[in-house]
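Here's a quick tour for anyone meeting this structure for the first time. Have a look at the model below, then read on.

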Amino acid sequence: MGNMPFRQIHLDFHTGDKIPGVGSEFSKEQFQNALQVGHVNSINIFAKCHHGWLYYKNGVTPSHPSLEFDLVEEMLSACEEIGVETQLYISAGLDEITARKHPEWLFRRQDQKTTWATDFMQAGYHELCMNTPYLGHLLSQIEEVTRRFDTTGIWLDIVGIRPCYCQTCVNQIIEEGNDPRDEKAIIELAERVYKNYLKQVQELIHSIKPEMKIFQNSGHVTRGRRDILEYYTHLELESLPTGGWGYDHFPLSARYVQGLRKEFLGMTGKFHTTWGEFGGFKHPNALRYEAALNLANGAKMCIGDQLHPVGKMDEVTYKLVGEAYKEVEKKEAWCDDVVNVADIGLLSQECLKDFVATANQHGASTKGDTGAVRMLLEGNYLFDVMDYESNFNQYKVIILPDSIKLDKNLEKKVIDYITNGGKILATGKSGLNQAEDQFLIELGVKFKGESSYHPDYFIPSFDYHGLGSSAFVMFGEGINIAVDGGKVLGEREEPYFNRDMLHFSSHFHTPNQPGKRSAGMVEGDAGIYIAWKVFEDYATKGSLILKDMVKFALDRLLGVEKTVETTLGAQGVTTLQHQYNNKRYVNHLLYATPVKRGNGVEVIEDLVPVMNIKATIKLDQKIKKVYLAPQLIDLPFAQDEDKITYTVGEVNCHQMVVLEY
């Protein structure tokens, strides 16, 4: 740990051949000044762009036709003079020059359309298949860059597992005795093709420079795919909140990736929307918050920018970046080489399914994961996101969200965990066997089939914010259960009927039929079961009763073992990172309120301070000192046995509280 710089820039430069004067206004001094104003200490510099052009001279493939000097060499020299680390960017999956010369090398969908652009009559790039001779063409470019330039890493873009129906792939499947109409055969070949690509790139680069960093960018690090991590020296989480990823994506990914014990960073953008946007800027407060969110989750940070074709750095951009990075620079000492402290493990839906054919660069469509992470963040719980290979026994409670059925291997892991004292929160179809006919863990219930009513209602045994109980509508898919030794914590109430052309009442859906009840939330020996897909429902509807159900269950299961309690509100984020080598914990407190502008773009503009935030931390160690960082201001605290309590007078975007032992 500790090898990656904290304050990075990813500098895009995808420049078409009709643009004149490429690099004509590049100035080493202006370039250096921008990086210094931005407090940048590492940058990804383009060697080859999506169009296929090189930005250095006399390479194995053509340079941009209007480039008259070696721009890459000039930039590398400029960075070396001011101590900024460099990595070189290569567009791997896109190369428009090659795509037009060799259409037989293109990736093809089943309908034979191309991606990204579906044909050559519209503007856009076309992705190439790594199972064709294009791979050799690309490897020659990678080898040249690795040998020619003195840099710390190679950054390869637009790659991943691609189920491909080009004739090279189709013919190989036929020659191997399989049927190209069989989706499994296509996906199996896609897996082999991608792993062959990863292996060849790694062996080539490390045969020349064994210490070279390598990152392969697919736009999302898939949860559960540990089998390909050996080909990555580190991980980068591309996650532009305004560019389609949203503010949910990074915490979900980071809470998984930090547990893999590889250094990683979060990559956002300076853009108002996403990549390729000229003249678009975030508010400085948005980048300040996103930087703080990275630090709070154990990550370094990279901000995406796009250089103007003339080669001149945009001064507003680097003043904007500097607002965030000058704060990061002051905080780095408390944020390096950290381990997340977690009470709860969320077993990811993504890692249990085959999402190869449906995942995009923002990740697979796992609404249960998204809804669960929103609830955990808003409830200020300490959590990790898990896969099959995670250590289950490190968590006090494990959440099985909505659709985690148990095969033999997972059943054994879950039962061993429960035997060792762990507790389960299961929802929807989670905890059932593959045949959906019985629960395999002792949740105090029996499975009676899917509910035939949509929606139906939940009547809790607990108060709704001190207002009492009522019949709360549940839009998510429900499960009928019978109590089998468990304690009922809430009931299901059915509507009079499902709404259809002959049966409807009121504007929207049918009201509850008083008295027609059965169990809806039950506590058993192994944990608590909620008989709806509450996490998927929360991701799409956001009804507060869903979060209250989960919070009630988690607080009941955690009991006195809950590590952190805080008065920070629902829009706050709380994490606790442990710096073992420094013998201290760092409690991160963040607060911001993204709002939606335009067509669903999440924007952070105003950062409103929150005052007098109280926190109680349960730790085994005797705490010697509590102080605010980076201000180095001592904070009064009280320690009662294993609980440390303090109050932070003001949280303005981000505050770190350091607890030394």
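## Before we start

A word on names: helices here are DSSP runs of H or I with at least four residues, numbered from the N terminus. Keep in mind, too, that this is a predicted model.

## The cavities inside

How many cavities of 30 Å³ or more are there? The count comes to 5. The largest cavity has a volume of about 180 Å³.

Which residues surround that largest cavity? Its lining is made up of 20 residues, and Cys129, Met130, Gly160, Arg162 and Val193 are the ones nearest its centre. H6 gives the largest share, with 5 residues. Sorted by class, the lining of the largest cavity has 15 nonpolar, 3 polar and 2 charged residues.

## Two helices side by side

Now for a pair of packed helices. Two of these are described by the angle between their axes and the distance between the axes. For helix H7 (residues 246-257) and helix H8 (residues 284-296), the axes come within 10 Å and cross at roughly 20 degrees. Angles under 35 degrees count as roughly parallel, so H7 is roughly parallel to H8.

As for handedness, H7 passes H8 in a right-handed crossing. On the H7 side, Tyr247, Phe250 and Pro251 make the contact, while H8 brings Ala286, Tyr289, Glu290, Leu293 and Asn294. By class, the contact of H7 with H8 has 6 nonpolar, 1 polar and 1 charged residues.

Methods:
Residues numbered from 1 in each chain as written. Predicted model: local features only at pLDDT ≥ 70, side-chain atom pairs only at ≥ 80, totals over all residues. Heavy atoms only, no water. Axes fitted to C-alpha atoms, helices over the stretch in contact; angles between N-to-C directions. Helix = DSSP H or I, 4+ residues; strand = E, 2+ residues; numbered from the N terminus. Parallel < 35°, antiparallel > 145°, perpendicular 65-115°, else oblique. Left-handed = near helix turned anticlockwise from the far one by under 90°. Contact = heavy atoms within 4.5 Å. Nonpolar A, V, L, I, M, F, W, Y, C, P; charged D, E, K, R; others polar. 1 Å grid on protein atoms, 1.4 Å probe; cavity = no way out; pocket = protein on both sides within 12 Å on 5 of 7 lines; lining within 4 Å. Points joined across faces, edges and corners; volume = space filled by probe spheres on them.
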